[in-house]
Structures are given as structure tokens and as C-alpha cells.
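Dear colleague,

Please find below the structure that I am handing over to you, together with its sequence.

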Amino acid sequence: MIRLLRTLLLLVVAGATQPALAETPPKVIRVSAIGAPGQRIATSYMGILQAQGLLEKEFARDGVRIQWLVLDGAGPAQNEAIANGLTDFANYGILPNIIGRGRGLRTRILASYGYSNSYVIARPDLPIRSVRDLKGRTIGVDVGHVPHLALTRLLAENGVASGDVRIVAMKTPDALAALAARRIDATIGPVNLLSLVEQRKAQLVFSSKGRKTEATNIGAFVVADDFARRYPETTKRVAKAYLRAVHWAAQPANRERYLAFVARASNTPLALVRQDNAGEQIRDKANPLPVLAYRNRVAAAATFSLEQKLVRKPVDTRGWVDARFIVAAAHELGQLRYWPR
């Protein structure tokens, strides 16, 4: 199997690194990303790409202007931006990506945006000590987003059927308020949930850190299909700049600077960001290569979306992941051996 994967990877590299015809890039490249409310700088690796001006540097000699669109509306806002022709590239969670594709949005997945940890917290006055104790409980979750998928995977891994819990759709800030007010019993989401644990208004029930679990958050760096067809060389150069950003964040020497950046850009206390990453290598969490395990999770998420009626008909994920650009970029940067496969 390993030999087969290496052979396939070499074939992708060979096909993706053939001499390209001369291409004039567009005058403007539009990029959208998720940001915290009130922030003009994106979060995580896209924020590094933006803050370090890596796209601007890549296209400076061509006179190309980079137009950034930082949205706090997460996935649906990203889908809307692509659908309305406001952006060429976007980076957001896999469920909104699938919902967009199910509604006819034509994109290609260039890269994984890595994964981030999931946390389950519960009311401190309830005897909820494990995931199995969530049976019969009311859980607030951001339906249609990656925490929704993570919750379902987590319940299944612990022998709890989805029908054994009552799911209430609510955004993460609303879920935190509802939990503190004891209107729900538990919620799942990113590291900022731990703020309630620190305030002793919640107890930590589950953390995906250090576990072999699919209850983590995954997403995709995508390009509008029309853009990729019209500007294949430009698409590869965008992928190369993205790789530079992720590689910088993954370097042990840059760890503290990266964590400090994440804290500022996401309005999350630095102590929580450090806690979220303690004992983990950014290199492992950030892996942008759309490896087989990632593709399988994308396909499973599409099945989940249909089961949950987030889409009306099956979403075919075959061919959606177009690894040629990111693999060619990684080859040019000498990063193919750097990322875990």
C-alpha cells in the first residue's frame, strides 16, 4: 500500500510539474478567509498568509493586486462570496463546503486546512463524566458546521446513537451562554469553550487532544473551478504561497510567535491557545496535503450531510479534491517529504 501511494504521488508530481504555457495572471486575485468578529486579519494559517504578505510578494513582479475579504460569518458567508463572484479562493470548514457543493457551487479542494481539536463541556452540576453520560441530555451545537459532524462521530465512537441525545442548533457563543444559564446540558466546539471551565461554570467532558478520533474539525482551502481552469499556473502559485504560510507556522522555531498570532487574531486568551496545542506538533495538525485519510473523511462528511438532510441529494466527492496544484507547489518548495503522509 505504501509503495502504491508513493507511485501515485510521483505520478501526480510528474503531471503537475510539466512546463506550463505562458500565462498572464488576472489583475486582481480575491481571497476570503474566516476572521473573528471585529478583526481584519484572518485566523490561523490564512492569517499568516495575509499578515506576512506572502501572496503580495509572490505576485509583486506581475503587478497583481491581492484583495482580501475577511468574514466572521464562517462557512455560509464563504459560500455566498464564492457564489456571488466576490472571491476566487476561500478556506473554511468541510460541512459548509459540502453544503455549497450540494447547492451547485463549483469549487475544487486544493488542500486540507489541517485539523483542530474538539472539546465537550457540560454543566458542572450534572453527573456527566464521559461521552456516554450524554445519553438523554440536551446538547447545543452549531448545526451544519464542523462541530456538528465532530459530535456525531464522537457519539458513534462511544456507542451513543444520535437519537439518544437532543440536539439544539445554536452558534458557539449562544451555546456558551445557554450552558452558563443551564438551558442546555452540554456543548461541543473549539478551545474557547474552556473559558467556562476556567470560570468553573462548566466541566470538561472530552478533549480530542492526543486521541485517535475523527471528532476533530477539518476543512478545505478551495478555489473557484472557473478560476482554476482559466489560470492553472496562477492557482499553483497561490497554493505555493499558502504552503509557505503553513510551513512557517509548523516550524518549531516559530511556535510561540504562531501561537501568539492565533491568540490575537481569534480573540482567544494565549493561555488557552497554548493549552490547546500543548503536547502536539503544529506540523502534524497543519498538514495541508489531501492524503487518503483526508479524502475518506470528506466522503464520510458528504454521507453525513445527506443523512442529516443538510443537502437534498448525494454529493459526489470523487474528483473534488484536485491535489495537482498543492503537490506541484510542495515539490517546488522541497516540502513533499516534510508533511506526514
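In this predicted model, strand S1 (residues 28-34) and strand S3 (residues 89-93) run parallel and are joined by three bridges. Within this part of the structure, asparagine 91 in S3 is the residue opposite alanine 33.

Helix H5 (residues 94-102) packs on the sheet, where it touches S3, S4 and S10. The direction of H5 makes about 120° with that of S3. Helix H2 (residues 44-51) lies across S1, S2, S3, S4 and strand S10 (217-224), and it runs at about 145° to S2.

As to the sheet itself, it is open and consists of five strands in the order S2-S1-S3-S10-S4, with mixed pairing. Strand S2 (65-71) and strand S4 (107-116) each have a single partner strand and stand at the edges, so one side of each is left without a neighbour in the sheet. From one strand to the next, the twist averages 20°.

A further contact is formed between two helices. Helix H6 (residues 146-157) packs against helix H14 (residues 292-307) at an angle of about 95°, and their axes are 11 Å apart. H6 is therefore roughly perpendicular to H14, given that angles of 65 to 115 degrees count as such. On the H6 side, the contact involves His148, Leu149, Thr152 and Arg153, which meet Ala300, Ala301 and Phe304 in H14. By class, the residues of this contact of H6 with H14 comprise four nonpolar, two polar and one charged.

With kind regards

Conventions:
Residues are numbered from 1 along each chain as its sequence is written. This is a predicted model: local features need pLDDT of at least 70, side-chain atom pairs count only at pLDDT 80 or more; totals for chains, interfaces and linings use all residues. Side-chain values use heavy atoms; hydrogens and water are left out. Two strands pair if DSSP finds at least two bridges between them. Helices (H or I, at least four residues) and strands (E, at least two) are DSSP runs, numbered from the N terminus. Axes are lines fitted to C-alpha atoms, for helices over the stretch in contact, and angles run from 0 to 180 degrees between N-to-C directions. Contact means heavy atoms within 4.5 Å. Angles under 35 degrees count as roughly parallel, over 145 as roughly antiparallel, 65 to 115 as roughly perpendicular and the rest as oblique. Ala, Val, Leu, Ile, Met, Phe, Trp, Tyr, Cys and Pro count as nonpolar, Asp, Glu, Lys and Arg as charged, and the others, Gly among them, as polar.
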